[in-house]
Amino acid sequence: DFKIVFKDLFPTSKKDMTKFDFKTLSSIPVDELDLSEIAFWAKFETQGIALRLSDLNLNLGNRARSFFVQLNMPKAEVKFKGASDPVPLHLAARGLIEEKKIQLSACQIKAGNSFLVAAGRVDGGLKPEQWTRIDVSSRIRLDLSNIADWERILRRPLLPKLEGTIKSEVSVQGSFATPIISTVASGADVAIDDHLLGNFRLKSAWKNGRVTADEVVIESDAGTVQVSKLSWKPQNGENLTATVEADHLEIGKLLENIKIRSVPIRIPVSGKLDCKGPLLPVPEMDCFGTARVRNLLVHTRDKKKMTIVDVPSAEAKGSVKVTTKAVSYKTELSVGASSKGESDGIINYQNGFQINYTGEQIDIHDIKSLIGLKLDGGLKISGTTEGTSKWARLKMNVAGRNIFLADYWLGDVQSELTYKSGVLQFAKLLGQAGTSRYAGQVSVNIPRSEIYVQVKSPYADLADIKEAFARKVSLPFS
């Protein structure tokens, strides 16, 4: 049993500990040194680190001008000052050390459910800056939930809450000054601060200080996102650039995965965006491109799931900004064959969403359904939809020309449309059909399938009334 107290883990010394005359090994009259079941405890006061080893096994072999090392530490614990618990480690290594070469035949480090396995060689010397040739391969499994345990050692949280597992194969070649690192990785059920990312796979490379990736695929129950042409050079503070493609990414499900639950929408999005922005110190991406939507659906949250809005097709062209706190956008919209408009909005991961929109030219034929009402004509709209995982409301100013409702002619109409708690209301309704004028309000209780109408008319022309009913019945007057 050994107990040692050190002042510093990294003592300052003018003596170069890596300088060793390997020629003297042949004159040492010891071929092998074998130490078994050693108990070792060390404390490094400056760093506040305590290291405890149990059942340490060490074998050193003299190979004339090199020496063989085999190390096995099945029970090791590292604890920092102030940490509540130590982190258990398992370390095993086997290799040959020469004056100008290190050959690692096997190395394994295990902590919790995470591990690293590596093998390879480096040429040039014992110091990293002397390595002129590197050829090392490794396999890594990282259980993201273990990171919280390791952060306790550091006595402060550095990362958000992480969940899931990552598996990777990493190879390092080149030299210490100009390494080339290739990575193939995959992740399963990855979540950040309880926001579900899903599964991913990637192939990337590091060369001349630049990270590149031509294949990154992220999959979840919300859909698939592919990232290509990714490039980033972190040392220069350079922005990351990439092309992002989505294939039927369902926005309603995506919102649910980031804890904005039960939003009564279904918006499958496909499109291609060119993105750029910094990753450090805080990630922020600005993207530009075009997205297409097929079968946009807004419905009630009750068991009946009655349709409020059903749009067969739409296209958006504009910009999107993604940060760690929110997604915001600004786009030009094309709906169906002839409807045009603009929209901007923000989806805050914690506080909900707000979407603004205007439409100078809306053809009702481009909208498949509006709360089941049979409408015909042209509209001009502007409004806002906002909500959280618990509530949603809509407020819209509507102006229509030559409007028909359920085949009844309403003429030109203006109204303030609101939706809240299952009730759609046309308030401040003003209309003119021919020379006839009317005012009032219409309320539609969607869960109860009830319509309430209150209308008064200061002047009505019989010819206009007859025209209003013409599609349904021919009235016996003129």
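The model is predicted: local features need pLDDT of at least 70, side-chain atom pairs count only at pLDDT 80 or more, and totals for chains, interfaces and linings use all residues. Residues are numbered from 1 along each chain as its sequence is written, and side-chain values use heavy atoms, with hydrogens and water left out.

Overall picture. The protein has three helices and 28 strands. Those are DSSP runs, numbered from the N terminus: helices are H or I with at least four residues, strands are E with at least two. Of the 478 residues, 33% are buried. Buried means under 20% relative accessible area, exposed over 50%, partly exposed in between, with a 1.4 Å probe and protein chains only.

Now Asp143. Asp143 sits in strand 8, residues 133–143. What is the nearest side chain of opposite charge to Asp143? Arg141, 4.4 Å away. Asp143 is buried and has no salt bridge. That term needs a side-chain nitrogen of Lys or Arg within 4 Å of a carboxyl oxygen of Asp or Glu. Lys and Arg count as positive, Asp and Glu as negative; His and the chain ends are not counted.

Beyond four places in sequence, Asp143 is in contact with Asn113, Ser114, Gly164 and Thr165. Contact means heavy atoms within 4.5 Å.

Last stop, Ile28. Ile28 lies in the loop between strand 1 (2–6) and strand 2 (32–44). Why does Ile28 count as partly exposed? Because its relative accessibility is 37%.
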